[in-house]
Amino acid sequence: MNKLSIVTKGFIKENPVLVQLLGCCPTLAVTTSATNGLGMGVSTMAVLICANIVISILKRVIPDKVRIPCYIVVIAGFVTIVQLMLKAYLPALDKSLGLFIPLIVVNCIILGRAEMFASKNSIVDSALDGIGMGLGFTVALGIMGLIREILGNGTAFGVALFGSVPPMGIFMLAPGGFFVFAILIATINFASKGKAIKKKSFGCEGCAMAGSCNSSTCSEKEASA
Amino acid sequence: MKEIIVIIMSVILVDNFVLSQFLGICPFLGVSKKMDSATGMGFAVTFVMVLATAATWPIQKFLLDAYGIGYLQTVVFILVIASLVQLVEMTLKKYMPPLYKSLGVFLPLITTNCAVLGVTITNIDDGLTYVQSLFNALGAGIGFLLAMVLFAGLRGKLEDCKMVPVAFQGIPITLVTASILSLSFMGFSGVVEGLFA
């Protein structure tokens, strides 16, 4: 696979948020402004790249049976580093992202890439994959944040747009988050005539952990669903 | 006593984990197709939340804080939760097969559920006492269960609806439904203050 396609793949064709629909929690929770969305995206990207590199280095050392706990420790280590850096240099961003910084650990995009890509590919490829996926995540969160900020607060990156017209505050709140995400996905469906998003509903098959969680669990649930 | 009721009521209705704080969205959207799996997932999450809080609160106070290594919180908590879930799964499988059949199948998925890690960290950040933390976790779990059950019911009805525009079929309409459910939960804001003021 050529190097450029690894980066662009994560960015467009396999965009983690808009196409694969992974990492929904931060996507919905921190996108109350474009700055927050981008900040979360960049923090996640930093963790993703570092974790991908380290896991790719260690892929022959980590025993297969305990790989998931090993990945989680590596990821948690980098999340702690990012957390401390944000506290030291960007305290305002740290405050507005709050709980969702430590929760980067359980972001399924990162564990998913470790399991699906970094544990099977070379160090350089894994780093590029981290950059691509991270950029895709950042751009998606930035767009979500921008839309919600414009509609819900009447500003874009903190600059007032509409003068005295009162904004629709609901878009800053929880229902607005779900709604904007729904419209974004519907728009992509419409523009690509339903071809871009392979996943037709939320279910076990979309979970990044599907490969690692015991398969009888998944099939059992699928059968009942 | 009143304090604990306030904590439970506000975390179930006003600050519902799923519908207003966006924690645990993955299982909320993924395992809510059928009512029985939604209920099972809800109970399993409640159980693990209380257990995880019971284990992590003393670790934070008597180990991390006592030795000034609070920065290890994220690493320690996720490892404790992961091993706890594994332990519970093995215990249930061996000693309580019926319970394992209904709850156990959801356990592996809960390790990386952000609602569980979220509730343990929130308890510490908000400076709750041990008892308050346990009830906060219980309330958060019940709130999750409530949201799951309501949403599974709505999705059941949605399956029968044939009028959805093509672009909205599947995921978008599910998210719109979640949006409306979350909108209705906004009606609860101020309820707890009003009741116990």
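B:F22 counts as buried because it has 25 C-beta neighbours inside 10 Å; a residue is called buried if 20 or more other C-beta atoms, placed from the backbone, lie within 10 Å of its own, exposed if 12 or fewer, and partly exposed in between. This is a predicted model, where local features need pLDDT of at least 70 and side-chain atom pairs count only at pLDDT 80 or more, while totals for chains, interfaces and linings use all residues. Residues are numbered from 1 along each chain as its sequence is written, and chains are lettered from A and ligands numbered from 1 in the order in which they are written. Here is a short tour, starting with the loops.

**Loops with positive phi**

- B:F22 sits in the loop between α1 and α2 (25-30) of chain B; helices (DSSP runs of H or I, at least four residues) and strands (runs of E, at least two) are numbered from the N terminus.
- Although B:F22 is not a glycine, its phi is positive, at about 60°.
- In chain A, A:F157 lies in the loop between β1 (155-156) and β2 (159-160), and its phi is near 50°, again positive in a residue other than glycine.
- A:F157 counts as partly exposed because it has 13 C-beta neighbours inside 10 Å.

**Chain A as a whole**

- Nine helices and two strands make up the secondary structure elements of chain A, in the order α-α-α-α-α-α-α-β-β-α-α along the sequence.
- Of the 225 residues in chain A, 49% are buried.
- Among contacts in chain A with a separation of 6 or more, 73% join residues 24 or more positions apart; two residues are in contact if their C-beta atoms, placed from the backbone, lie within 7 Å.

**A helix pair in chain A**

- Helix α3 (residues 34-57) of chain A and α6(A) have axes that come within 10 Å and cross at roughly 35°; the axes are lines fitted to C-alpha atoms, for helices over the stretch in contact, and angles run from 0 to 180 degrees between N-to-C directions.
- On the α3(A) side the contact is made by A:V47, A:L48, A:A51, A:N52, A:I55 and A:S56, and on the α6(A) side by A:I109, A:I110, A:R113, A:A114 and A:A118.
- This contact of α3(A) with α6(A) has eight nonpolar, two polar and one charged residues, where Ala, Val, Leu, Ile, Met, Phe, Trp, Tyr, Cys and Pro count as nonpolar, Asp, Glu, Lys and Arg as charged, and the others, Gly among them, as polar.

**Where the chains meet**

- Contacts link 50 residues of chain A with 43 residues of chain B.
- At least two residues each on the chain A side come from α2 (24-29), α4 (67-89), α6 (108-118), α8 (174-191) and α9 (215-224) of chain A.
- Of these, α8(A) gives the most, with eleven residues.
- By class, the chain A side has 34 nonpolar, twelve polar and four charged residues.

**The largest nonpolar core**

- This core has 120 residues, and those with the most contacts inside it are A:C25, A:I75, A:V105, B:V116 and B:L117; a nonpolar core is a set of buried Ala, Val, Leu, Ile, Met, Phe, Trp, Tyr and Cys residues joined through C-beta atoms within 7 Å.
- Helix α8 (residues 130-160) of chain B gives the most to this core, with eleven residues.
- Not counting residues up to four places away in sequence, A:V105 touches A:I72, A:I75, A:A76, A:V79, B:T74, B:I78 and B:L117.

**Packing in chain B**

- B:G42, in helix α3 (residues 35-64) of chain B, is buried because it has 26 C-beta neighbours inside 10 Å.
- Leaving aside neighbours within four places in sequence, B:G42 is in contact with B:F144, B:L145, B:M148 and B:V149.
- B:L145 belongs to helix α8 of chain B and, leaving aside neighbours within four places in sequence, is in contact with B:G42, B:F43 and B:T46.
- B:I12 is one of the buried residues of α1(B), together with B:I7, B:S10 and B:V11, and their cover includes α8 and α10 (191-196) of chain B.
- The buried residues of α9(B) pack against α8 of chain A together with α2 and α8 of chain B.
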